[in-house]
Amino acid sequence: MEVIGNVRVARRDINPKAPAHSPGVREGNQRTSMIREPGIKRLSRFMAVATARRSTGVNPRARTPIDPRMPVLTPP
Amino acid sequence: MQTTVDARTGRNVVEMSWDPITRIIGNLGIYTKIDFDNREVVECKSTSSLFRGYSVFMRGKDPRDAGFITSRICGICGDNHTTCSVYAQNMAYGIKMPILAEHIFNLGEAAEYMFDHSIFQDNLVFVDFCEKMVKETNPSLLDKANRTPAPNAHRHNHKTIGDIMRSFNPFEGEVYKEALQMSRVTREMFCLMEGRHVHPSTLYPGGTGTVATPQVFSDYLVRLLKFIDFAKRAVPLNDDIFNFFYEALPGYEDVGKRRILLGCWGSFQDPDIVDYRYEHMTEWGRAMKVTPGIVVDGELITTDLVDINLGIRILLGSSYYDDWTEEETFVKEDPLGNPVDKRHPWNQTTLPRPQKRDLKNGGNYSWVMSPRWLWKKTGEHLALDTGGGPLARLWATALAGLVDTPYVRSTGSSVIINLPKTISSGETQLEWKVPRWANTIERDRARAYFIAYAAAMAMHFVERALERVYRGDVKTFEDFKVPDDAIGCGFHEAVRGVLSHHLVIRDGKIANYHPYPPTPWNASPRDHFGTPGPYEDAVQGLKIFEENGPDNFKGIDIMRTVRSFDPCLPCGVHMFDGRGARVLEQWHSPMLGTPQK
C-alpha cells in the first residue's frame, strides 16, 4: 500500500525499471537495416535513403505499363 | 418548479438544473437560477461529479509510458494527449524529431480536428438547431426559416433556411447522415498516420512507428480531397444558419457572450524550426502553423510560449481538493532562470478531498480545479476560455499575422483559407474574419471554418511530406535515452482548445505529471477570488429567447451556449469516484509476458 499525496494507491504489478524490450523482437532504427534490408541504400556511416525497390513490390517491366512515367517509383 | 426569491438580487427565480447534460462527453451538471419575468439567467454553477486521479497515479511510472497512459484520459481526443505528452517528453529527453515524423504528427492531428469538429458540429451541436428542436422551442422562428431563402444555396443545395434545419434532424437529415460518413473517412485518415484511433499505437517520444511510404500519403490525400469537398459545402451552410439566427432573433449576439479572454497554446509544429528545447520555445512556438496566443478584450497580448507557461496558475475555491502549499516544490526555476510559482502545474500536488456538493453557501461543488492565467501587467488572474477550441485558435492566428503558407494565410484581422479543386467545385477561398463578440454563434461558426483550416493545412503537410519521401527520406524515429532528472512541458491544441502536459522526472521515474486539457479551463468553478469560470460566466446574464414557459422549458439557449464550448468532461476532471472499491478477481495483467514479482 503506497500513499501518493493523500490517496492510498494499490500495489504495483510490475517494477517501472523492468525491461521494456522482449528479447528476440527486432527493433526499428537498427543499424543492420542500413546494411541488410533490400530497398535501403547506405550513403555513409549514418545516412541511408530509400530506393525505388522499397516503395512497391510490383515489377513494372513485367506489367508493360502504357505510360513510361507509370508507376511512380521513388526515388527516381 | 418553485419560484423563490433570490437572496442576493431580490428577484423571483426558478432553480433549474441540467445534470447530466447529454450530447457532450462526460459528466457535467449546470445548475441555474432563472428569472422568467425578465427572461434572464441570474446565476449559473458548473459542476462535475467525476474524479479519476491521473496526476496522482502517474507518479512513480516509467516516463516513456506517459503518452500511452494519458491517452486514456479521453476517448475522443486521446491522441491529442499522446501528442502533447510526446512533446513534453521530447523536451525532457532532449530529442529533435525527424522531419517526416513531424509531418506525420501534424497530419494525424489535422485528421483528428477534421473528424472531431465535423462530428461534434453536425451530429451533436446542430441537433439544438434542427427543425424538430426549433419547432418545440421557437415555433415562430421555424415559420420564418421556412420562408427565408438561404444566401449560399448555390453552394450547398439547400433552398431555404428551413431546409437546412430539416437536414440537421437526427438520423433523418442529409447533413447529419453525410457527417457520419465523413467521420469514417477522417478516422481512416487518422489511422493511416497514427495507427489507431483514439489511442495511437505509433506515436512515441522521438518520432513515429508509421512507415513513411508514398502509399500512406496517397491514401491520406485521396480521403482528404473527399473531405475537402464536404468542407467547401459545410462552411457556407454554417454561415447561412448562423447569420439567420442573428437576423431573425435580434439580440442573439448576447447569448453566451462573455468578455473576450481566449487562450490558444498552438498546434502544427514547423519541422524545420522546432527542436523542443525550452530555451528556444519562444521561436518554435511562433513558428507553429496555429499561432499560440492569449487574446484579452480583442487584443493579442502575447504569442510567447515561455510567457504563457510561466503565467499558468491553478487556483482552488470551489473544488473538492486540499491546497498543496505545504507540499514539495519540484521546480523552483525554469531552464531560462525565471522563477516558477507554487501554483504552477510543475509544483502542484493533487490532494483530493471527496465531500458533499454545496451549491448554496459558497462551498465546494465541483471536481474541476480553476486554472487561471496571471496577467503580469494588471495582476489579474484571467479565467481564459478556449471558445470551444476553434474560436481561440482562429482568433490568435488571425491577430498574430505569422502563418503564411500557400493554403492558409493570416492577415492580422482574418484568416484566408484556400481549398483546392475537388469533385463538385473548383478552387475556393474562404475567409474567417475576427468577430466582434465571443458568443455562442461565433464559437459554432469558428468550428466550421476550422474544419476548412485543418483540411488546408493537411494539404500543405501532405505535399511537403511527399516531397521528402520522393527524395528518399525514410527516417521517422530518433533514438534517445531517458535521463535521470529532467523537466519538460508540452503545449498543443486538443480539439477543444489548450492542452499542456507538465512533467518532472526524478531518478528515471515520473515525479510529477499534470495534464491540463481545455475543459478544466472552460468548466472551472469559481476560484477563491470569486471569478466565475467560463461556462458560468457565459450563461449568467443570458437572455432567454425560447418561447416556452417554466413548465415545459427546455433551456435550449443555455444548452446551445454550453455545447458551443464543446465540453469534454473526462478531460475536465482527472478523477474517478471510487469509495472503497475492492478488486474481486484479477483475470489478466497485460504486462507483455514479463515476469511479475
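**A walk through chain B to Ser410(B)**

Of the 597 residues of chain B, 54% count as buried. The model is predicted.

Colour by secondary structure: chain B comes to 18 helices and 20 strands. Of the contacts between residues at least 6 apart in sequence, 73% join residues at least 24 apart.

Next, select residues 390-400 of chain B, which form helix α13. The helix is mostly covered, with eleven of its eleven residues buried. Among them are Arg393(B), Trp395(B) and Thr397(B), as well as Pro390(B) and Leu391(B).

Step one residue past the end of the helix. Just after α13(B), Gly401(B) has a positive phi of about 70 degrees.

Now move to residues 408-410 of chain B, strand β15, and pick Ser410(B) within that strand. Is Ser410(B) buried or exposed? Ser410(B) is buried, because 23 other C-beta atoms lie within 10 Å, against a threshold of 20 or more.

Keep Ser410(B) selected and show its contacts, leaving aside neighbours within four places in sequence. Thr397(B), Ala398(B) and Ala400(B) are in contact with Ser410(B), as are Gly401(B), Leu402(B), Val403(B) and Val415(B).

Last, draw a C-alpha to C-alpha distance from Ser410(B) to Trp395(B): the two are 9.9 Å apart in space and 15 residues apart in sequence.

Methods. Residues are numbered from 1 along each chain as its sequence is written. Chains are lettered from A and ligands numbered from 1 in the order in which they are written. This is a predicted model: local features need pLDDT of at least 70, side-chain atom pairs count only at pLDDT 80 or more; totals for chains, interfaces and linings use all residues. Helices (H or I, at least four residues) and strands (E, at least two) are DSSP runs, numbered from the N terminus. A residue is buried if 20 or more other C-beta atoms lie within 10 Å of its own, exposed if 12 or fewer, and partly exposed in between; C-beta atoms are placed from the backbone. Two residues are in contact if their C-beta atoms, placed from the backbone, lie within 7 Å.
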